[in-house]
Amino acid sequence: MKFGETFMEYLHGEQESFMDKFSHVEYKRLKKVLKSCRTCRSLQGSCEQEDENSDALSQLCQYESCPLCDKMFFSELMKEASDIAGCFSSGVRHLLQLHIARGMQRYVLLLRQCFKNDKQTIAEEGRMLIDYVTMNAIAIRKILKKYDKVHSSVNGRDFKRKMQAEHIELLQSPWLIELAAFYLNLNESDEDSYEISGQFSCDLRTNEPVMTLNLPDSMKLEYNLTCSICLDILFNPHALSCGHLFCKSCACSAASVMIFEGLKTASPESKCPICREAGVYSNAVEMLELGLLLKRRCRDYWKERLIAERAEMLKQSKDYWDSQTKYVTGY
């Protein structure tokens, strides 16, 4: 079965009510744009033989570029990718709030579990979110490949890089890592086994600890769980808006802020230590599920790092207030 048919079956299948709330790639419409563009190219060849100065040629597609369909194709695809990334992140955020609840919300959820199997509902919603982001990511990949084939260009490949620069590359979203960690945590803490959790694995015994995601269409994603600053397993992991993962204390050090102040207080000029992109700290994501997974699997290491970070935080806090006191009193 062709992917277009598979994608349409997905949109109108058992998840149709779920998809009504979310944006998706208009795969069929974008394919029609490329089909009409291909017609223009063949028409152009015949027209050139008859009349090189014909006004109609100005309306036809050009080799390696297509002003007519590019305006519709790339602008629409960028908007759709942005909407999908936003829907996915908000969906995962809502899901994880139900799993890692705090304060009064935690007691309310515990009370609800006496009457309703929330874990099964949460697991099913997570499965639908994974299918959602995977199917749309495949659709974007295939339609861009189709664009480059029709136009004999690399514009589609360049567009992928633009998506990465705009932080809307779906399979590089930190929320996908959080969702995988959520399933691994759910499988370890519950007697029931969830079928989808078999798609995810986390190996911390190697020199380079990795999380592996096996997704449909033979896609295999690997995420390195080593902090690039301290070169150790991530502790209290945070993802910058560029997608790179660091320990919170390491990221604070790189941004020249104190641990107790947090990454939100970093200067807009502060750059990611890896890609050197500026302004990536203000929207950093605290990876709660990933942190919980690493804490469970590396208890001794986690305890050691926790003691060290608390000591460093107290030292920074003391130095900060000593300097403030000296500034106010003059001695």
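Colleague: What is the relative accessible area of Tyr320?
Modeller: The model is predicted, and the value is computed from it. Buried would need under 20% and exposed over 50%. Tyr320 is partly exposed, so its value lies between those limits. The relative accessible area of Tyr320 is 23%.

Colleague: How many aromatic pairs does the count come to?
Modeller: Ring centres have to lie within 6.5 Å for a pair to count. One of the pairs is Phe182 with Tyr183, at 5.1 Å centre to centre. The count comes to 14 aromatic pairs.

Colleague: What kind of aromatic pair do Phe260 and Tyr320 form?
Modeller: The ring centres of Phe260 and Tyr320 are 5.8 Å apart, with the planes at 65°. Planes over 60 degrees apart count as edge-to-face. The pair of Phe260 and Tyr320 is therefore edge-to-face.

Colleague: How many residues apart are Phe260 and Tyr320, given that the pair links distant parts of the chain?
Modeller: Phe260 lies in the loop between helix 9 (248-254) and strand 6 (285-286). Tyr320 belongs to helix 11 (residues 299-329).

Colleague: Are Phe182 and Tyr183 buried or exposed?
Modeller: The rings of Phe182 and Tyr183 form an edge-to-face pair, with 70° between the planes. Residues under 20% relative accessible area count as buried. Phe182 and Tyr183 are both buried.

Colleague: Which residue in strand 2 is the bridge partner of Phe200?
Modeller: Strand 1 (residues 200-203) pairs with strand 2 in the antiparallel sense over 4 bridges. A hairpin through 6 residues joins strand 1 to strand 2. Of the residues in strand 2 (residues 210-215), 5 of 6 are buried. The bridge partner of Phe200 in strand 2 is Leu213.

Colleague: Which residue in the turn of the hairpin formed by strand 2 and strand 3 has a positive phi?
Modeller: Strand 2 also pairs with strand 3 (residues 219-224), antiparallel and over 6 bridges. Val210 has Asn224 as its bridge partner in strand 3. The hairpin has 3 residues between the strands, and the one with a positive phi, about 65°, is Asp217.

Colleague: What is the relative accessible area of Asn136?
Modeller: Asn136 sits in helix 6 (residues 118-151). Beyond its neighbours within four places in sequence, Asn136 contacts Phe7, His24, Val25, Ile84 and Leu170. Asn136 is buried, and its relative accessible area is 0%.

Terms used. Residues are numbered from 1 along each chain as its sequence is written. This is a predicted model: local features need pLDDT of at least 70, side-chain atom pairs count only at pLDDT 80 or more; totals for chains, interfaces and linings use all residues. Side-chain values use heavy atoms; hydrogens and water are left out. Rings of Phe, Tyr and Trp (its six-membered ring) pair if their centres lie within 6.5 Å; planes under 30 degrees apart count as stacked, over 60 as edge-to-face and the rest as tilted. Buried means under 20% relative accessible area, exposed over 50%, partly exposed in between (1.4 Å probe, protein chains only). Helices (H or I, at least four residues) and strands (E, at least two) are DSSP runs, numbered from the N terminus. Two strands pair if DSSP finds at least two bridges between them. Contact means heavy atoms within 4.5 Å.
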